[in-house]
Amino acid sequence: MQSTPDAALASESGSALAAQQAKPGVLLDYVSASRLPTPWAVFQIHVFVERSNQKEHVLLTLGDVADGHPVLARVHSECLTGDALFSLRCDCGPQLQLALERIATAGRGALLYLRQEGRGIGLVNKIRAYKLQDQGADTVEANEKLGFPADMRRYDICKDMLEHVGIQKLRLMTNNPRKVKTLQDIGIDVVERVPHQIEGNPFNEAYLNTKRLRLGHWLETDE
């Protein structure tokens, strides 16, 4: 019997998972990849599953990222309200779109999309934090009132994703000093920090100021 494309894909994915699971210290299992047409470029989308919690993480690549030269990259944590619902309370959605546009303009790059909503506290708690912010708390205070640290995100999973596609060095689009340090601490070579600031609006002015004043982000604001 001749195998179908779906059966072949399942076989390919199963083989990739088995090979990945044989490696000690691996945090993610690679599943599959395909073309992803977007308004900016046709990317390759690579899907991974985190072993400890079965979260699905995504890596988008464009061009030859395995040639040893530094790759323009963005490590972006999921924000349903900003990325998909166009919320003006944060700068996440515009940052995501700008990163894809900059990678497309460069003709080469990578975007890691990590499933750690609300700085790692999850969507439900993020909306609870929003309610506290509506009552006057800033983003750090809201998280702490709910019993969480200001930022619970982790970046160790990035290493498996980058190694899978052969990326060795990053030109990282970020304003977050913790992100740069954490990636460097786990052995990822960040050779350049590329500023990635979005113009604010009346709804996220306090949010951006909290990022700058309480979390140490490299941001220029009116305040």
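Modeller: Start with pairing. Two strands pair if DSSP finds at least two bridges between them. This is a predicted model. In it, 7 strands form an open sheet with mixed pairing, in the order β1-β2-β3-β5-β4-β6-β7.

Biologist: What makes β1 and β7 the strands at the edges?

Modeller: Count partners. β1 (28-37) and β7 (189-194) each have a single partner strand, so one side of each has no neighbour in the sheet. From one strand to the next, the twist averages 25°.

Biologist: Why are β3 and β5 called a pair?

Modeller: At least two bridges are needed. β3 (residues 56-62) and β5 (residues 109-114) have 5 bridges, so they pair, in the antiparallel sense. L59 has L112 in β5 as its bridge partner.

Biologist: Where does helix α7 lie?

Modeller: Helix α7 (residues 177-185) lies across β4 (71-77), β6 (169-173) and β7. Against β7, the helix runs at about 165°.

Biologist: How many disulfides are there?

Modeller: The count is 0 disulfides. Take C79: the nearest cysteine sulfur, that of C90, is 3.8 Å away. A disulfide needs the sulfur atoms within 2.5 Å, so C79 is in no disulfide.

Biologist: How do you know whether C79 is buried or exposed?

Modeller: Buried means under 20% relative accessible area. C79 has 4%, so C79 is buried. C158 has 0% relative accessibility, so C158 counts as buried too.

How values were computed
Residues numbered from 1 in each chain as written. Predicted model: local features only at pLDDT ≥ 70, side-chain atom pairs only at ≥ 80, totals over all residues. Heavy atoms only, no water. Buried < 20%, exposed > 50% of the residue type's maximum accessible area, 1.4 Å probe, protein only. Helix = DSSP H or I, 4+ residues; strand = E, 2+ residues; numbered from the N terminus. Axes fitted to C-alpha atoms, helices over the stretch in contact; angles between N-to-C directions. Contact = heavy atoms within 4.5 Å.
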